[in-house]
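Notebook open. Today I look up side-chain contacts, ring by ring and charge by charge.

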Amino acid sequence: MKTHYKSNQKIQTSAVALLNLVFFFSASEKAEAQNTAGIIGIDHVGINVPDLNQGITFFSDVLGFKPVTQLGPIPLDASWKEANHINPATGAVTIKMINAGTGASIEVFSYADNKGSKVHPNSDDIGASHIAFYTSDINESVKYLKSKGVKILGEPYLTPSGDTAGESWVYFETPWGSKMELVSYQNGKGYEKNNPSAILWSPKDTGKNGADKPNSNMLSESEIKSLVELHLAIWNEKDLNKRDDLMKKVYAENIQMVDSHFIANGYKEINGFVDGLQKKSLKSRFSPVKAVDVNHNIARLYWQNGPAEKPDAVTGMDLFVFENGKAVKLYVFVDSKK
């Protein structure tokens, strides 16, 4: 019997993230990133519920997710029960796959006449687990869940330091007692600013559309080129207010700039970096080296920076990812000094 299957919605956001990385890295790095098992990412997580209708109602009516496929009820034979550590007297299983928005799907299992344990594992028990859901406003999400009668385990906690500095989180319980989590980090996490060579996948980076949904505001090639040209104007603009206005035209509010030494998130952090750069080189300006290249929603710009007497004192390339009409990612490559 086969109980492991893929949702027909193909919510493979982690796979899409990997494909995006393939564009940025060399063939050797791609080969290094793939392990011998050939695993790409997480397709779904599974959870047992005592009542299927209760589980579906919670995930759909409370959390706003969409039930998609269903298998069963499927009788389980003795050999399957023995191999999968299921009580011999437990009945048939029914499985519902839930589209959980931007991220892995949730596979909900319900066993008829379940003879297994009815007690949830404690948080420190082996096998205890939880599902974390990303939210752009954790306080509003907590307020909403409370209005639905959901039990919140404490108050949102903002991590002050360390690798997860800037992350807010809080646990809550489902009606049947499973522990789950809300998490938010609009401006990224601490480790990203200090060690950006490895970045954890995040649903916030895919925007509200998600990788599996069509972009509602696709840009033409000429529109992308115009925005990239404005990008250079941002980096040359010395007036803070004018620069801020330009940023709002080109960059998404959650824009992330990834440099080889640091990561800057949002207008404020990028503005601070540009300001510092201009103060160090008062007479330097950015200018394009050649025309902007566009490949679907990705663009690259080769640039030079320097004073009038040596305009190419520093050279490099910027790589942009556009979603919903604005740049959401900016990868900065600075050439080695000549």
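I started with the aromatic pairs and got a count of 13. My rule pairs rings of Phe, Tyr and Trp (its six-membered ring) if their centres lie within 6.5 Å; planes under 30 degrees apart are stacked, over 60 edge-to-face, and the rest tilted. One cluster went into the notes: ring pairs link Trp235, Phe262, Phe273, Phe286 and Trp303.

A note on the basis. This is a predicted model, in which local features need pLDDT of at least 70 and side-chain atom pairs count only at pLDDT 80 or more, while totals for chains, interfaces and linings use all residues. Residues are numbered from 1 along each chain as its sequence is written, and side-chain values use heavy atoms, with hydrogens and water left out.

Next, charges over rings. I count one if NZ of Lys or CZ of Arg is within 6 Å of the ring centre and within 35 degrees of the ring normal. Lysine 179 places its charged end over the ring of tyrosine 171, 4.3 Å from the centre. Lysine 189 lies over the face of tyrosine 185, and here I read 4.4 Å to the ring centre.

Then salt bridges: a side-chain nitrogen of Lys or Arg within 4 Å of a carboxyl oxygen of Asp or Glu. I count 9.

I looked up aspartate 244 and lysine 248. They meet in a salt bridge at 3.4 Å, N to O. Why can they pair up? They are 4 residues apart in helix H8 (residues 240-250), so about one helical turn separates them. Helices here are DSSP runs of H or I, at least four residues, numbered from the N terminus. I checked exposure too (buried is under 20% relative accessible area, exposed over 50%, partly exposed in between; 1.4 Å probe, protein chains only). Aspartate 244 is partly exposed at 21%. Lysine 248 is partly exposed at 41%.

On to helix H9 (residues 266-280), where aspartate 275 and lysine 279 are 4 residues apart, about one helical turn. Their salt bridge has its closest N and O atoms 3.6 Å apart. Aspartate 275 is partly exposed at 26%, and lysine 279 is exposed at 60%. Arg243 joins these two in a network of salt bridges.

Last entry: arginine 300 and aspartate 293. Their closest N and O atoms are 3.0 Å apart in a salt bridge. Arginine 300 is partly exposed at 34%. Aspartate 293 is partly exposed at 29%.

Conventions: Helix = DSSP H or I, 4+ residues; strand = E, 2+ residues; numbered from the N terminus.
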